[in-house]
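The structure is shown first.

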Amino acid sequence: PGQILTRQGVSIDRMSALRNAGRKLRNKRRSIEVPPSLQKNLIGVLQSCREKNVKIVDTLRSVQSANEVSELMQSHQTVQVLLTRFILYKQITQEMILPGQILTRLCELDELFQEYIRTDKLERNLKNKRLRRNIDQLSAYIWLDVKELEGVLMKMIGPLPPPPTMTEAFTLYPEEPTSPRGEPMPPPETESWDQQHASSLEDPDDAPMDNGRLHLSLGKQFSASDLSDLNLQQSPNPEDIKIAEEGINIWHHLFGHDTFILPWTTFIQGLGLNLGGLEEDLLKTILDDQNTEAVTIYRFAEFLRGFGPLERCVDNVRSLVRADWFYGFISANEARKLLECEPEGTFLVRFNAARSGTFVLDWVAFEGQVQSAQILWHAQSGFSIAEETSIRNFDSLPQMIATYQMSILSLPLRAYHTNAIWFHGDLDAEEAGEMLQNQQIGVYLIRFSSYPGCYAASYVGNRKSVLKDLINRADGGYQINRNGEIFPTLEEVVQSYIDRGVFTEPYGTV
């Protein structure tokens, strides 16, 4: 009980693990070794970066669920403009590590995408927050490295040349480019990209740049209408536009009109809220749940849509996360798996992955069917949910839940393991095996099983092979492989593995 920080199951240990994971990721970002050949021929390296980034953007444009990749697309379009601007800076002669580091990360991200395409898992991995964690982290590191390079160049040599337009960034080829080995390189095949997507670009002559920071959103300042167009699957409500505009205006006031993404520490300092360590961790669970150590204007505006106004956002986050029925960032499929086999009336509330800043109520209905309803928030009417014949409004989520607990809802789901650092939710056995490959003996994770209501333990055995056990439901708790002792909770199952020396460290912490 002394470790409980938010709702039951979210402990100080969990927050500490997230904070330590963030430190490891920051160190990882700084520790790439760059070969000397990628430190000398900078223009050639930067041109290779541009070509690789074009390939990444092409991959993102092929994704059917555009809202899943809107932030990634926005970020890499901006990277393309900045890389092109650097190449136009013909005074670059110094040896530098950063361009080679950027190329290394771009290659790594492209390899991830190509592997997902080869295995037909691109769409699935982009929709699953745990599976796309490497993508989000690499993308954030690339953007931060590019911005760092921009600052280094301006400090060393002086003002940068005027920025290229978005169209030019994907078609312009500077004079006499060379490869990292100093050899001439053929022009990249980007004409088809430009011809295919030119109709979707804004006027390319409206891409201003102030103080080295780019106005984004395809040639114009990022606005609430862009946010809604990118992220909403339906026509945006005017009230939603107004709410998003307030968040964007706050960002512009705090961080400038042309800043799209900020390092986490810069963002927290700029908020000026005088946060303690635990309060900062609370915000991080919402604003940077992937531990990218960065925040975008896109994510901030949607955050305030659900938790604003700014001066009350910490209290609003705290009150929601403490609720025993709130399960945060889980997918619709994970919600279904958690609720299947539960008694009628069992329920939970989660974030709506398809529409940031809104929520979803999932509950077990008649004959065990799991049903869902979207919860919207508007500044004037509060929280609303669609009933069979009308829209019903509530002042708060707790009020809504209390009202429906008198009818279709009974008890909140008691599955506190979803917040554990070792729980990875909706992975299949093959995906878990790929994640644990080449890990140390004893590294483990817990995931959903293909059997309804059951879980699976995947871990590295003594011979470095990946093993798996079924954790099945039993009267009074869980069993391992359908026999032996019954454990009241999944946490106690994990502890039994630890006590026997089978489990050592959760995946992602070593």
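In the hairpin of β11 and β12, 5 residues stand between the strands, and Lys 464 among them adopts a positive phi near 70°. The model is predicted: local features need pLDDT of at least 70 and side-chain atom pairs pLDDT 80 or more, while totals for chains, interfaces and linings use all residues. Residues are numbered from 1 along each chain as its sequence is written, and side-chain values use heavy atoms, without hydrogens and water.

Strands (E, at least two residues) are DSSP runs numbered from the N terminus, as are helices (H or I, at least four). Two strands pair if DSSP finds at least two bridges between them.

| Strands | Sense | Bridges | Bridge partners |
|---|---|---|---|
| β10 and β11 | antiparallel | 5 bridges | Leu 445 and Ser 458 |
| β11 and β12 (residues 466–474) | antiparallel | 6 bridges | Tyr 455 and Ile 471 |

In the hairpin of β10 and β11, Gly 453 has a positive phi near 80°. Because 6 of the 6 residues of β11 (residues 455–460) are buried, this strand is largely enclosed by the rest of the structure. Buried means under 20% relative accessible area (1.4 Å probe, protein chains only).

The structure holds 19 aromatic pairs, with ring centres of Phe, Tyr or Trp (six-membered ring) within 6.5 Å. Tyr 444 and Phe 503 are stacked, at 4.0 Å centre to centre and 5° between the planes; stacked denotes planes under 30 degrees apart. Tyr 444 belongs to β10 (residues 444–448) and Phe 503 to the segment after α19 (490–499), so the pair ties together parts 59 residues apart in sequence. Tyr 444 is buried at 3% relative accessible area, and Phe 503 is buried at 2%.

Definitions and conventions: Rings of Phe, Tyr and Trp (its six-membered ring) pair if their centres lie within 6.5 Å; planes under 30 degrees apart count as stacked, over 60 as edge-to-face and the rest as tilted. Buried means under 20% relative accessible area, exposed over 50%, partly exposed in between (1.4 Å probe, protein chains only).
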